[in-house]
Amino acid sequence: MNYMKMEIPARSENESFVRVVVAAFAARLDPTLEELNEVKTAVSEAVTNCIIHAYDNIEEGIIMITVSLDGNKLSLEIEDYGKGIMDIEQAREPLYTEKPELERAGMGFSIMENFMDELFVESVPGKGTRVTMIRTLGKKHTWDSH
Amino acid sequence: MQVKLIRRKNGLVVRLNGELDHHTATVFREVIDKELSKNLVHNLVVNFENLTFMDSSGIGAILGRYRQVKAKGGKMVFCGLSEHIKKIMQLGGLLTIIPVCSDENKALASLL
């Protein structure tokens, strides 16, 4: 199994950087452009949640991103040490947001669920949150070559 | 991300270039709101042709402008949507309230 880890401060300008790094690492599974776009979007949602919700835009907060490749399975782990989620079920509901005043659409978890095969959310209030997402990539390529 | 504004007779054309996420949504908001506050135009055409990425922060920012335009009796039209951006918008429910045209001229014409 191959993997990479990165640590970034919770600054919004890092969102695009994380997307590019994750996409570059996932590229070795020979994903389609659509798959890559979907993975990038899911990562972007998870990292944005850390910045806005876990750390309330406090830029010193730390976000850990781990990407693992096992066969053609991509696993993403996005972890923060912020305020945590009191009610995970409610947070995962489409259109639910704690910050409507910031024009949040409340679609972050819905998009992660839609674009990835599996989504797990673990959180301890006051300690932090870990979002794990799994997606099998390059399916089309496998079908074509058999 | 760059936000280019072009004032036309039928409305304001907003051409987006780059990536629309939580970080760049601030620019999107500020540039458009400044223009809308002048009360010279009420209609908005948003051209996504050169937008290479958008996530749910984009949905929120677009909905915010949509509410303003609607409150002033104006209309909002989209054009130049890639398949990926279309999918994000569908998930966010935007395409049930905002019409989509294939290009900028058709979008402007639809506002007549």
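Helices, taken as DSSP runs of at least four residues, are numbered from the N terminus. In this predicted model, helix H2(A) gives the most to the lining of the largest pocket, with 7 residues.

The largest pocket holds about 480 Å³ of space. Its lining is made up of 32 residues, and those nearest its centre are Asn49(A), His53(A), Ile85(A), Ala91(A) and Phe109(A). Two or more lining residues come from each of H2, strand S3 (73-80), H3, H4 and strand S5 (128-136) of chain A. By residue class, the lining of the largest pocket comprises 13 nonpolar, 11 polar and 8 charged residues.

Two loop residues of chain A were examined for their backbone angles and accessibility. Asn57(A) has a phi near 65°, which is a positive value in a residue other than glycine. Asn57(A) is placed in the loop that runs between helix H2 (33-54) and strand S2 (62-70) of chain A. The relative accessibility of Asn57(A) is 38%, so this residue counts as partly exposed, a class that lies between the buried limit of under 20% and the exposed limit of over 50%.

Leu95(A) is not a glycine either, and its phi is positive, at about 75°. Leu95(A) is found in the loop between helix H3 (88-91) and helix H4 (108-115) of chain A. With a relative accessible area of 59%, Leu95(A) is exposed, because that class begins at values over 50%.

Conventions: Residues are numbered from 1 along each chain as its sequence is written. Chains are lettered from A and ligands numbered from 1 in the order in which they are written. This is a predicted model: local features need pLDDT of at least 70, side-chain atom pairs count only at pLDDT 80 or more; totals for chains, interfaces and linings use all residues. Side-chain values use heavy atoms; hydrogens and water are left out. Buried means under 20% relative accessible area, exposed over 50%, partly exposed in between (1.4 Å probe, protein chains only). On a 1 Å grid over the protein atoms alone, a cavity is a set of points where a 1.4 Å probe fits but cannot get out, and a pocket is an open set with protein on both sides within 12 Å along at least five of seven lines; lining residues have an atom within 4 Å of a point. Grid points are joined across faces, edges and corners, and a volume is the space filled by probe spheres set on the points. Ala, Val, Leu, Ile, Met, Phe, Trp, Tyr, Cys and Pro count as nonpolar, Asp, Glu, Lys and Arg as charged, and the others, Gly among them, as polar.
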